[in-house]
Amino acid sequence: MTDQTVTRKQLDRKLLDQEHANMAEAREKSARSGGRDYWRSLEELAGTEEFEIMLQREFPEQASEWSDGVSRRNFLKLMGASLAFGGLTNCTIQPEEKIVPWVRAPENMIPGKPLYYATAMPLSGVGTGILVESHMGRPTKIEGNPEHPAGLGGTDAITQASILDLYDPDRATVVRNAGRIATWGGFLESLDQELSVQRSKKGAGLRILTETVGSPTLGQQLNFLLEEFPEARWHQYESATRDNVRLGSSLAFGEPVNTYFDVAKADVILSLDADLFYGGPGSVRYARDYTARRRLRNGDKELNRLYVVETSPSSTGSMADHRLALDSAAIEAFAVALAGQLGVELKGDPDLPTYQDNTGWIAALAADLRSAGAASLVVVGDQQAPALHALGHAINKSLGNVGTTVHYTDPLEADPVDESQSIHELAASMEADEVEVLIIVGGNPVFDAPADLDFAKAIEHVGFRAQLSFYEDETSELCHWHVPQSHYLEAWSDIRAYDSTASIVQPLIQPLYNSKSAHELLGAMIGQAGLPVRDALREYWQQETFADDFEEFWVRALHDGILADMTFDRLRVRLRSPIKIPRGFGHPRDDDELELALRPDPLIWDGRFVNNGWLQETPRPVTKLTWDNAALISPATAQRLGVENEQLVDLTLPGRSAKAPVWIVPGQADGVVTVQLGYGRRLTGRVGEGSGFDAGVLRTSTDMWGSTALKLIKSYDRKPLACTQDHHSMEDRHLIRHADLEHYRHHPDFARHETHEAPASLTLYNNDEFSSSTGNAWGMAIDLNACIGCNACAVACQAENNIPVVGKKEVLNGREMAWIRVDRYYTDLDDPEIFHQPMPCQQCENAPCELVCPVGATTHSEEGLNDMAYNRCVGTRYCSNNCPYKVRRFNFLQYADRDTPTLKLQRNPDVTVRARGVMEKCTYCTQRINAVRIASKKRGSPILDGEIKTACEQACPTEAIVFGNVLDPESRVSDWKASPRNYGILTDLNTKPRTTYLARVRNPNPAIDKG
Amino acid sequence: MSESSTSTRQQYTPPPPELGPGQTSHTSITEKITSIVLTPHTPYQWFIVVLIGLMLVGLLQVSIAYLLYEGIGIWGLNVPVGWGFAIIHFVWWIGIGHAGTLISAILLLFRQKWRTSINRSAEAMTIFAVMCAGMFPLIHTGRPWLAAYWLFPYPNSMAVWPQFRSPLIWDVFAVSTYFTVSLVFWFLGMVPDLASFRDRAKHRVTRVIYGVLAMGWRGSAVHWERYEMTSLMLAGLATPLVLSVHSVISLDFSVSILPGWHTTIFPPYFVAGAIYAGFAMVLLLLIPIRRLYGLQDFITLRHLENMGKVMLTAGLIVAYGYFMEQFIAWYSASVYEGFMMQNRMFGDYGSFYWALILCNIAIPQFLWSKRVRRNTVWLMFISFVISVGMWLERFVIVITSLHADFMPSSWDMFYPTFWDWATYAGTIGFFLFAFFLFVRGMPVIAAHEIRTLLPFGKKEK
């Protein structure tokens, strides 16, 4: 045996020595043999002695160790080991696929380091520029693009959450024909057949239904299609349509124009039921610009002023200095009265509505607007009547705002149409059997078209129905073909932002399934099936741009996320004066009737995000409801009608009715029942199943946003609603400190005197215990003057920190997992001021949670973080009990989805996915701190201020959150904390929170306060 | 029996005040006590109780198995109410256990002779109650399989220790020490009686079992001397435990900063509450057992009356505690404390508070009456009310303090689930099952100590 071993070792060495076979020998043999076809290696070909031995040996040299004759000792060793390890194979199941390294690694791709790409998120025809974090080719997190005017780095909650849709296991994954799995090729084949029939008729039976098209290239493709099929019609419809905005500008200017605002320049702003800061195009930017004027930095003692008149409390309403809750008719009459005071010319039909209430208010407002002159702004809500929009334009014009705070451009849409009219026509022509081929490009009209059209019935008249959509939904069910639509992170496109800034929508990942984009479908219909969408985009923009070097323009556009200089010029429009006020405008409804106000849901929008767990579980900005819509009514109306929270009522219009749970909202206009659309979907994924009720049944094509003939019929059933905040008063805790500007001018440090602070010396602890030797001590400051309560931070945190969704039942149980929540408090039941307060972990220096943990799973880091060691946590929940801020979250059950493969792709690889039985909490994004720390160590210089941005800070549209080093006197956080408005909450407990707040200062009009 | 009755007739001496008229000789006492165990006849009521207990033990097993499988989310807990039924019942059971130690240790040191006939069963009650209690802190954790040993300081390669500043660690030591000392004390006390069983057992198997348990007790003077000394020493050890265990448990609450928990009065108030609840439970158990086994001569009305007096005293201390909580909430002028008390009385759980006042303060005042104290039905009723009241007290402390603390935005309600109740019912079942097994198989009354009560015994001493 020994001899044998020696021989083998010698041979091994020999093989190593002659690692490269003798090439000359090989060539020679090859030439000689001629007939031999296959050889395994050059050695074989050369027929070396070593190769012969290797053939005998069966195993390559590294595997030779145990191939010696088996000794008894080795045999026993092996047996023992195989017994011992026999069970281990169950622990790690190795993946079966082959792992192949990059032949040529993509540039900049370093495992473990994310890359960021600029793209844009389209929603309802308008885009928001974003940066997407990508880990090894997986997009994981959306951040705002600081270069893009729509957000300047901020985003809203929907944008943050849109990445989850990409990985939604319930999205449509295959082409289906009559419910059976089919192929894209098969679809094209049968589409071609239909189109060739249509071609002969010039497309007389062809109808395309799209959502609002904001993509210039798609618009061009559609126009090509219409050129090819001149008789065909292109319809547009979406539930959250901005018809009234378009109609209003047509009324005012004779043409639909795009209106956008420069809120930063506005000293006095009036919102007429407009949620300026939430949801609409440009809202993120408007919120940023508005709050930029409310910072009171460096001794600044001036603020802008916001008046809000609205039906239902909104983010914007909660920021108002003066807020009136009025029903729609009263808002209209209010606007007419205001216009009268401002000397705007109106023509009534037959006469103008009169408005007797709030006269002092209107007079003061008018005076304020007038004195602000061109630095004022009047904004009208998307759902308000066209005439009110026209009125708004007229007021802005008369105040001289056009050109300063109000700008007009060409419409953003490829073809601005009255969408409710458009869908009405489509339904009518389907009923009349004029439609033979219907191609639905995105959208779910069977669910969300106005109920009076009975779209589901009308569509049955069409011979060939195909739909491209992201989910298999109510419409897909009635279509012959369904093609899965690509997510915007999977496909090329382009889009314009609120101010017409154009961006390329660039994909970050190959489509996960066999999905197609609208461009691909349209391309196939106009004979460009082979043309990559990217090339189509390049072609389009090459025509548009005058850049000398298109390649450079293109690369820069992709890099920056903006197509340079492709913004529309500002339009000079002529107002058609006087504005005609139609009959019934501002006409009060009968006393025994209620107003129904339909609105898109702030989070699931028109229903498209109903299967998005993050959005479902994010509390609505003011109501704090999750997972459901409800009939929102004011406390006084609830009392009058004798209904209470969660009580089911029938909302009845003539001939229609919906069963809805009641939710009482302070600040709601009396007599108005606000209901969100988009819920009550019948066919949706597992997440959205059974959530909410369908308010769409109350919607008609003439009354898209509500009606005044609502009756409410009580029932005695209840439906539990999952609200994340049950208590609405601060109970003298001085959590949110606020004052009027006048008080602030005399007592800028008012916030510090609201409670008795414990003297710094009053502690049993060694105060030096938490001093940092790294020179970093992390802290955060949150400006309550800037927080609009939009919850973008909460969703960003959820995406960044792999926070699970728990579901309605668990939220009802009080087990939501949000690491940062936005608390909302009211001051009063009927005419409340509304306050928002984001609550991340306060990272107390004397943290009550730390000393009660029996296993030391939560400890203090040197830099002041209150760390959580998940591995060590046994889940006593004592820390949570002892946390006065209640910011700790517990995995009562296995909340994190460990099984769904696609969801694993979304997770942030730098953050642990927590198991059942473990406490978790805000860490100030410790993974981001560490990433920057590593970078700073590598370059050998300290961490710069602003280099670390927590996810919440990054997402915040208004820059209300700032994070940084409190030891650095130059840092922004130190600057904020030095503000006289700075205060900590519950500091009388001597917790010494590192997160502090800047008190809110309102700027009421003294003329209104007086009378 | 005939022998003993003869001797009674021959020289009648009245029984000692601690015993009933029937028990006048060593033999009669030993006979009576051993006859409970060494008999083939078991009262049918015993089977009923044990069967109910066994069924509930099954429920307990299912509850715990499901808990381990699914997670503590099956209970009604949430944020802010991170502790619920598990902690309520932990404190409740520990409290019940206290009476046993008090009777056997403190009353032994104070040489309260009347304790002898109740101390054994009270000690057994302690053991079983602590078993029930000890289970809760473990299973209430999120990951009990780790908590089971990470809470103990054991040397490990990671050099990670428990955090000794946490009251939960103090709990671990307090409860495990308490259980160990109680168990040793209880078992040691039974040794002479087990030896009596061994000597009187007819069947070989029983003889062997009791023989092993008797650990070679021969009743020699040396044995007795060492036995007495050990008992005294253990009593000395156990005495501070009576005060310390529940004090430490109260620190779980008072060390925290939560309004309603952060209270310096908690240690004495908890100890008094424990004694209160413990005596109530002793009465609840002994009154039926005394009747069932005809132990009226051993557990006399005088015993019951004395226990009534102890309950009354403890109840008044507890009432003082409630009053002090109210007073301090007002006197502190703290908005949190003030709201907490307001919320306790008139908040969402206000009815629990008033029920607690009714059960723990109002109804037990009947114990001022000697007639009530000597009436078993009344005592049973009041003991039951006190047991409920003490449960309510823990509910009020744990739940109402947590559900509305500092941040109004986070306030939420706690609703127990089926599994919350099932686990609780399961521990009651286990307690009954274990206790009745003990009654059937172990000396329920310390015969050798009773014997010392006799005049003869006294003379001997």
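In chain A, three strands form an open sheet in the order β1-β2-β3, with antiparallel pairing; strands pair if DSSP finds at least two bridges between them. The edge strands are β1 (115-123) and β3 (138-144) of chain A, each pairing on one side only. From one strand to the next, the twist averages 40 degrees. Between β1(A) and β2 (residues 126-135) of chain A there are nine bridges. One of the pairs in this region is A:Leu115, whose bridge partner in β2(A) is A:Ser134. Helix α6 (residues 157-166) of chain A packs on the sheet and touches β1, β2 and β3 of chain A. Contact is counted if C-beta atoms, placed from the backbone, lie within 7 Å. Helices (H or I, at least four residues) and strands (E, at least two) are DSSP runs, numbered from the N terminus.

A word on the source. This is a predicted model, where local features need pLDDT of at least 70 and side-chain atom pairs count only at pLDDT 80 or more, while totals for chains, interfaces and linings use all residues. Residues are numbered from 1 along each chain as its sequence is written, and chains are lettered from A and ligands numbered from 1 in the order in which they are written.

Next, the contact between chains. Chain A gives 42 residues and chain B gives 39 residues. On the side of chain A that touches chain B, the elements giving two or more residues are α27 (848-852), α28 (878-882) and β35 (889-890) of chain A.

Conventions: Two residues are in contact if their C-beta atoms, placed from the backbone, lie within 7 Å. Axes are lines fitted to C-alpha atoms, for helices over the stretch in contact, and angles run from 0 to 180 degrees between N-to-C directions.
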